[in-house]
Amino acid sequence: MWVLAPGHWQYLLINAAIGIGIAADAVIATIGRFKRFETVRDALSWAAAVGFTHTVFPMIGLIGLWYAASSFPSLKAGIYGAGFLAMVWFINDVVRDIAGLDNDDDEDETDDNDFFYQFLAKHSRFWAAVWAVSIDALVTGPGKTAATAQWSQAQVLGSFPLVGLVVFGLVMLSAWPAIALRRYWQDQKFDNPRGLARFTAVGSWVELSIFMYFAYLAISEMILALGVEPIISEFWIAGMFAISTISLLLVTLGDRVWATQLQEATDLLQL
């Protein structure tokens with residue numbers, strides 16, 4: 001069968017990983033917004049909007065840079081290098097956010113300087129909020145271009161519905177625990193923030209692990225494009241470096257991330 005071929009399993013796993021990595025941020029944003037979901041329709045509308053942007057935004061950059069790399073082979077190293085830098089920027093942003101290293105005033109200033117956010121805010125607070133949590137998704141697509149280095153055109157185009165299904169499905173599913181959480185919170189049955197903090201902390205580390213893998217894959221493909229042949233597969237190299245880096249971050253920032261997520265969950269559950 002088609003799905004039993006080793007290369008096809010790898011293709012499906014990579015697409016699943018891309019989808020889970022992209023969806024993690026959107027799922028956390030959806031559940032963290034539970035207090036604003038007064039009706040089931042509110043939750044599903046938000047999940048659908050965020051699921052849509054987190055599906056389309058990354059794929060624009062992913063397919064665009066794949067086309068550039070396949071059309072202009074001489075630019076491959078530069079394109080994969082740019083993807084690596086995009087991933088590093090995104091990873092740094094996520095680490096600073098989950099570890100509480102960002103100043104809230106800086107975040108407010110960023111929103112004030114975002115012209116498109118200001119434009120949307122004047123017309124729809126809903127879409128302004130969707131844009132605010134989706135803007136980073138524009139960066140994740142180019143960062144994953146290296147994963148398509150060995151793919152055919154059909155595989156790249158097929159990646160769009162596969163990743164989209166994973167992202168949209170996970171985000172839509174996250175609406176239901178958000179609805180349940182709101183009902184428990186309204187009835188004052190959910191006053192222990194540790195469970196919510198545990199979910200956001202674990203989800204953030206999963207998201208970081210996946211993006212870290214694609215960052216190292218991008219730099220590995222860049223080195224390959226420069227003509228340097230590795231001793232082992234670039235996929236194994238990226239995996240080993242990603243595990244090492246995440247382990248280092250867990251040792252150095254694990255306690256701080258937990259404390260930050262616990263404090264944020266406590267603040268979120270307050271009436």
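Tutor: Let's start with helix axes: they are lines fitted to C-alpha atoms, for helices over the stretch in contact, and angles run from 0 to 180 degrees between N-to-C directions. This is a predicted model, where local features need pLDDT of at least 70, side-chain atom pairs count only at pLDDT 80 or more, and totals for chains, interfaces and linings use all residues. Residues are numbered from 1 along each chain as its sequence is written, and side-chain values use heavy atoms, with hydrogens and water left out.

Student: At roughly what angle do the axes of α3 and α10 cross?

Tutor: Helices (H or I, at least four residues) are DSSP runs, numbered from the N terminus, as are strands (E, at least two). The axes of α3 and α10 cross at roughly 55° and come within 8 Å. Angles under 35 degrees count as roughly parallel, over 145 as roughly antiparallel, 65 to 115 as roughly perpendicular and the rest as oblique. So α3 is oblique to α10.

Student: Which residues in α3 and α10 meet?

Tutor: Contact means heavy atoms within 4.5 Å. From α3, Val95, Asp97 and Ile98 meet a set in α10 including Leu249, Leu253 and Val257.

Student: And what about α3 and α9, where do their axes come within 8 Å?

Tutor: Look at residues 76-98 for α3 and residues 193-225 for α9; the axes come within 8 Å and cross at roughly 160°. That makes α3 roughly antiparallel to α9. A crossing is left-handed if the near helix is turned anticlockwise from the far one by less than a right angle, and right-handed if clockwise; the one between α3 and α9 is left-handed.

Student: Which residues touch the most other members of the largest nonpolar core?

Tutor: In soluble globular proteins, nonpolar side chains tend to be buried together. A nonpolar core is a set of buried Ala, Val, Leu, Ile, Met, Phe, Trp, Tyr and Cys residues joined through side-chain atoms within 4.5 Å. Buried means under 20% relative accessible area, exposed over 50%, partly exposed in between (1.4 Å probe, protein chains only). Here the largest core has 66 residues, and Leu208, Phe214 and Leu217 touch the most other members. Helix α9 gives the largest share of this core, 13 residues.

Student: Is Leu268 buried, exposed or partly exposed?

Tutor: Leu268, in helix α10, is partly exposed, with a relative accessible area of 24%. Leaving aside neighbours within four places in sequence, Leu268 is in contact with Gly32, Phe34, Lys35, Trp185 and Leu196. The C-alpha atoms of Leu268 and Leu196 are separated by 9.6 Å, and these residues are 72 residues apart along the chain.
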